[in-house]
Amino acid sequence: TFVGSDGLVTQPIVASELVQGVLLHTAADGSGLPALRVWFPPGVAMQQSPCKTHVSPANVKGVVACIVIEKEVTDALAMREARVVAHMNNDHADSIVAYARAFGSLPGQVSSAELTGVSVAGFALRVTLGDSDDARNVLVRFTQSLRGASDIRTIAVKMHRDAFSQLGLCYRLANGYYARAVTMAVPHLRRAMRTHFGGATLMLSGVAVLAAGLVSLRRHIALAVR
């Protein structure tokens, strides 16, 4: 899979076709090209165009990365993509906006963001800037290597934490980061307590978690005020 500097990502290219392609970085006179080109002969490594109107040999502008990964991984990821996209948009919209703000390298303030796809290269987002209708497609690269389709959840959670950490305390407080963390922790703790101790201690465990969350929130607010 090739990733362009403009965020365009090719579909996975199998190794037998990859060796038939050419990565152009130098002009005929020996001078460097302003943007790299990856080209394959007709009938090899066919890719659908970004506008979805035709297919042609892959031709990615300004190649910035080449990702080599097992075909089984790309196939498994393609099967999960629709479910991951729906889950993230429905249940983790705050994470998607944080990804765009922290990792998107965008020129303006992000007002909204939607996950449109997942590939071995990263999360594909549709991002709106400011109060205008200025929407653009953005590729947010994974911050760690993807070794299997099941790694998506681990990567998404880590990027959520890293993004909110990078955006600062005030952003975390304003966007319910700590309250959400407590809300998400309670069901897991309930299941663990039910498994090990039965239902008698559920209320106490819930109170303990909420108290810990409130103490943490109070501490961070106090630091922010200072």
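This is a predicted model: local features need pLDDT of at least 70, side-chain atom pairs count only at pLDDT 80 or more; totals for chains, interfaces and linings use all residues.
1. Residues are numbered from 1 along each chain as its sequence is written, and side-chain values use heavy atoms, with hydrogens and water left out.

2. Five aromatic pairs are found in a search of the whole structure (rings of Phe, Tyr and Trp, the last by its six-membered ring, pair if their centres lie within 6.5 Å; planes under 30 degrees apart are stacked, over 60 edge-to-face and the rest tilted). One of them joins Phe-164 to Tyr-171 in a tilted arrangement, with 5.6 Å centre to centre and 45° between the planes. Phe-164 and Tyr-171 are both buried. Tyr-177 and Tyr-178 form an edge-to-face pair, at 5.2 Å centre to centre and 85° between the planes. Ring pairs link these four residues, Phe-164, Tyr-171, Tyr-177 and Tyr-178, into a cluster.

3. An open sheet is formed by three strands in the order 7-8-9, with antiparallel pairing (two strands pair if DSSP finds at least two bridges between them; strands are DSSP runs of E with at least two residues and helices runs of H or I with at least four, numbered from the N terminus). Strand 7 (110-119) and strand 9 (135-141) are the edge strands; each has a single partner strand, so one side of each is left without a neighbour in the sheet. Neighbouring strands are turned by 30° against each other on average, direction ignored (axes are lines fitted to C-alpha atoms, for helices over the stretch in contact, and angles run from 0 to 180 degrees between N-to-C directions).

4. Strand 7 and strand 8 (residues 122-129) run antiparallel and are joined by eight bridges. Val-110 stands opposite Leu-129 in strand 8. Helix 3 (residues 93-103) packs on the sheet and touches strand 7, strand 8 and strand 9 (contact means heavy atoms within 4.5 Å). The direction of helix 3 makes about 100° with that of strand 7.

5. Strand 2 (residues 22-26) pairs with strand 3 (residues 32-39) in the antiparallel sense over four bridges, and Thr-26 stands opposite Gly-32 in strand 3. The hairpin of strand 2 and strand 3 has five residues between the strands, and Gly-30 takes a positive phi near 95° in this hairpin.

Key. Buried means under 20% relative accessible area, exposed over 50%, partly exposed in between (1.4 Å probe, protein chains only).
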